[in-house]
Amino acid sequence: MSSQVWRSVYHTIRMVNRSIPREGRRPTFPDTLIVAMYLWATFHDRPMCWAADRLNYSSCFRPRRLPSRSQFCRRIKSRRCNAILRAVFDRLGRSDDSGGGSLRLMDGRALRVQSHSKDPEATRGWASGGFARGYKLHALVNENERFLDIRVRSLNVSEKTVARELIDANRHVGFLLADQGYESGSLYDYAAARGMTMMTPLKANAGKGHRPQSKARLHAKKLWRTHGRKLYDRRNAIERYFGQLSAFGGGLAPLPPWVRRLERVERWVLAKVILYHARLATKETAA
């Protein structure tokens, strides 16, 4: 990790720490240190016990005192440390003033685990190429390469279900582009009620039949006849962003064997996206 990227991450941790209320007495080891240690270990693709060893730090980040392994593992699970991680993600992900325009892109990426894994929360579901076990990263991004919001769920959870969560938490007026896995009249209406014009590839018989039709879906069908195809082609950008999320040292690679259970997987993925955002912001500043 370059010193510029780490300074951006650590500065953001300290900034958001001031805005989150503290519960109880002040701990011996501050929450900023716990979160920074976790992000340091995540970048190096190492387990949390690795972060409790002083030999694994450099001049870029060298704390004077470190908690024990048990203290660190217990503290990173606390509500406030997880709130700091989420706040750092929000601040770095929305750091661009333009907001990426009025277009939003939505998609998911499977996070597989081995078939013999004993993780009960790593369920079987559809992934690219067939069924697999694991989790799925559901993401909402803008055209400025920022992940505005993410959710991690077991692989058998429907994309349409998680899409409703993302839409509720990130309402805006504009277009929402997604692949055919999100094609549903009820989801079209759900997005329209919250100010979004949703567009997905439609089935050949869309709008036909004797049953009541979704007005938002029928409107999308009309758009496809005009400039819909050209607009929808911009959805391919999210595939590129998922690739960029993995295309650097410390990026989101396949889940390591020590990252199991939904809580740990979600925290790990959140940390990887934080590092991606910090790297992106540093490159834009240097340009």
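The dialogue below sets computed values against the criteria that they have to meet.

Tutor: Please keep in mind that this is a predicted model. The protein chain has ten helices and six strands.

Student: Why is the overall size said to agree with a compact globule?

Tutor: A compact globule with 287 residues would have a radius of gyration near 19 Å, and the protein chain has 21 Å, which agrees. Along the principal axes, the C-alpha atoms fill a box of roughly 70 × 45 × 35 Å.

Student: What makes Phe147 and Tyr276 an aromatic pair, and why is it called edge-to-face?

Tutor: Twelve aromatic pairs are found in the whole structure. For Phe147 and Tyr276 the ring centres are 5.6 Å apart, and pairing requires centres within 6.5 Å. The planes stand at 85 degrees; an angle over 60 counts as edge-to-face, so Phe147 and Tyr276 receive that name.

Student: Which residues do ring pairs link into a cluster?

Tutor: The cluster consists of Trp6, Tyr10, Trp40, Tyr57 and Phe61. Tyr57 is also in contact with Arg62, as is Arg54, when neighbours of Arg62 within four places in sequence are left aside. Arg62 itself lies in the loop between α3 (48-51) and α4 (69-75). The C-alpha atoms of Arg62 and Met37 are 9.9 Å apart, with 25 residues separating the two in sequence.

Student: What makes the phi of Asp45 worth noting?

Tutor: Most residues other than glycine have a negative phi. Asp45 is not a glycine, yet its phi is positive, at about 55 degrees. Asp45 is located in the loop between α2 (31-43) and α3. Glu145 likewise has a positive phi, near 75 degrees, and is a residue other than glycine; Glu145 is in the loop between β3 (130-141) and β4.

Student: Why are Asp45 and Glu145 called partly exposed?

Tutor: Buried means under 20% relative accessible area and exposed means over 50%. Asp45 has 27% relative accessibility, so it counts as partly exposed. Glu145, at 25%, therefore also counts as partly exposed.

Student: Is Lys272 buried or exposed, and how do you know?

Tutor: Lys272 has a relative accessible area of 0%. The limit for buried is under 20%, so Lys272 is buried. Lys272 is part of helix α10. Residues up to four places away in sequence not counted, Lys272 touches Thr42, Phe43, Asp45, Leu245, Gly250, Gly251 and Leu252.

Technical notes. Residues are numbered from 1 along each chain as its sequence is written. This is a predicted model: local features need pLDDT of at least 70, side-chain atom pairs count only at pLDDT 80 or more; totals for chains, interfaces and linings use all residues. Side-chain values use heavy atoms; hydrogens and water are left out. Helices (H or I, at least four residues) and strands (E, at least two) are DSSP runs, numbered from the N terminus. The radius of gyration is taken over C-alpha atoms; the globule rule is 2.2 Å times the number of residues to the power 0.38. Rings of Phe, Tyr and Trp (its six-membered ring) pair if their centres lie within 6.5 Å; planes under 30 degrees apart count as stacked, over 60 as edge-to-face and the rest as tilted. Contact means heavy atoms within 4.5 Å. Buried means under 20% relative accessible area, exposed over 50%, partly exposed in between (1.4 Å probe, protein chains only).
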